[in-house]
Amino acid sequence: MNIAGIVGVAVLLLSGSAAAQDGARAIHNTTISLGTATPGGGFPVYGNAFAEVINAADPTLSIEPRNTKGSSENIPLLEAGSLDIALVAGEPTYEAFMGIGRPAIRLKILTAMYSSPGMFVVRADSPYQIIRDLAGKPVAFGARGSGLPILSRYMLDGIGLKQDEDFQSIYLDRAGDGPAMVLDGRAAALWGAGIGWPGFKTLAESPGGARFIAPDASEIAKIMAKHTFLKPLTVPAGSYPNQSAPIASVGSWSFVLTRENLPDDVAHRLAKSLYGAEAALCRKLPQACETTAANTMAAAIKPELIHPGVMKYFREIGVAK
């Protein structure tokens, strides 16, 4: 066979394999970059589970998680088009959409991830019982660039405390460094949020155990009166080892945001794959049980902030009109 014939056969084989699973129409593989956060925190854990489930649900999509500095870096990376989608905590999302301290963003919501009730964790043998006991003490407030220190600032401000004046604030280069600092006494407490958060889990499973400190009922009322975008949230009993009672606190929803110009058809495919596999994601990661179409509609600051491709899917399944 001559060269032209060999090339022709090769082209036919390639085109046949591309269309094999979808009749005569070629399947186009789409790679999606996903920004998470520093290792040791909740975002990389969620991002990996999110990618695995979508990649399994739609082989033509390839979600590639990428460690970043967290929410504060993910937003500008999305704006620059350096990421396709990214995980962003509730408080940075709110500030960015509302234009607080910066021009308002034009990014879109792909999905609500999970609710994030904020609280402190201390060693079980520590003398600290309430938030004000931690005043003046070294406290690890999370990784630099993550959304956790922003949530704590709002919460503490609501009860009349200033994070960087009333505490010896520690900001981590890696989220995973926090538990060790509490265990060896370099920090009196670690701030975190959510169910299944790795830092809380590490301390709760440590030999000496751990204890959680959250705002009390009167403090929750003060926080919500001053910062109305925060919501009352509860960590169910048994979410962490030896946590026998539910813990009431305040917090917000974290989101997966998209770059402004993510094509509608790609967002629609992502939504169909994600929400069609809600049960699989829930089995893989307990906190991801909250990643549902209904929760996304309820948690979005405004419905028009949800990506049009996602809204198209929501209308198809009856979640939106």
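# Notebook: burial, cores and salt bridges

I started with Asp 58, which is buried at a relative accessible area of 14%. Buried means under 20% relative accessible area, exposed over 50%, and partly exposed in between, with a 1.4 Å probe and protein chains only. The model is predicted: local features need pLDDT of at least 70, side-chain atom pairs count only at pLDDT 80 or more, and totals for chains, interfaces and linings use all residues. Residues are numbered from 1 along each chain as its sequence is written, and side-chain values use heavy atoms, with hydrogens and water left out.

**Entry: Asp 58.** I placed Asp 58 in the loop between H2 and strand E2 (61-66). Helices (H or I, at least four residues) and strands (E, at least two) are DSSP runs, numbered from the N terminus. I then looked up its contacts, meaning heavy atoms within 4.5 Å. Leaving aside neighbours within four places in sequence, Asp 58 is in contact with Arg 269 and Ser 273. I also checked Lys 272, 214 residues along the chain from Asp 58; the two C-alpha atoms are separated by 9.2 Å. The Asp 58 side chain makes a polar contact with the side chain of Thr 60 at 2.6 Å. A polar contact is a pair of N or O atoms within 3.5 Å; within protein, one must be able to donate a hydrogen and the other to accept it, and residues adjacent in sequence count only if both atoms are side-chain atoms.

**Entry: helix H5.** The buried residues include Leu 148, Ile 150, Tyr 154, Met 155 and Gly 158. After H5 comes Gly 160, with a positive phi near 85°.

**Entry: His 227 and Lys 226.** I found His 227 in the loop between helix H9 (217-226) and strand E9 (231-235). His 227 counts as buried at 12% relative accessibility. Not counting residues up to four places away in sequence, His 227 touches Tyr 154, Asp 157 and Gly 158. Asp 157 also forms a salt bridge with Lys 226, the closest N and O atoms being 3.1 Å apart. That pair links distant parts of the chain, with Lys 226 in helix H9 and Asp 157 in helix H5, 69 residues apart. Asp 157 counts as partly exposed at 25% relative accessibility.

**Entry: other salt bridges.** The rule is a side-chain nitrogen of Lys or Arg within 4 Å of a carboxyl oxygen of Asp or Glu. How many salt bridges does this rule give? The count comes to eleven. I looked at Lys 284 with Glu 52, where the closest N and O atoms are 3.0 Å apart. Lys 284 lies in helix H11 (residues 278-284) and Glu 52 in helix H2, so the pair ties together parts 232 residues apart in sequence. Lys 284 is partly exposed at 42%, and Glu 52 is partly exposed at 45%. Next I took Glu 79 and Arg 102, whose side chains meet at 2.7 Å, N to O. Glu 79 lies in helix H3 (residues 71-79) and Arg 102 in the loop between H4 and strand E4 (108-123), so this pair ties together parts 23 residues apart in sequence.

**Entry: nonpolar cores.** A nonpolar core is a set of buried Ala, Val, Leu, Ile, Met, Phe, Trp, Tyr and Cys residues joined through side-chain atoms within 4.5 Å. Which members of the largest core touch the most other members? Among its 54 residues, they are Tyr 46, Phe 50 and Phe 314. Helix H2 (residues 42-57) gives the largest share of this core, seven residues. Contacts of Phe 314 include Tyr 275, Met 297, Ile 306 and Val 319, not counting residues up to four places away in sequence. A second, separate core has 43 residues, among them Val 122, Val 182, Ala 188 and Leu 190.

**Entry: Ser 33.** Ser 33 sits in strand E1 (residues 30-35). Ser 33 counts as buried at 10% relative accessibility. Glu 64, Arg 66 and Asp 84 are among the residues that Ser 33 touches, not counting those up to four places away in sequence.

**Entry: Asn 242.** Asn 242 has a positive phi of about 65° although it is not a glycine. Most residues other than glycine have a negative phi. I placed Asn 242 in the loop between E9 and strand E10 (247-258). At 75% relative accessibility, Asn 242 counts as exposed.
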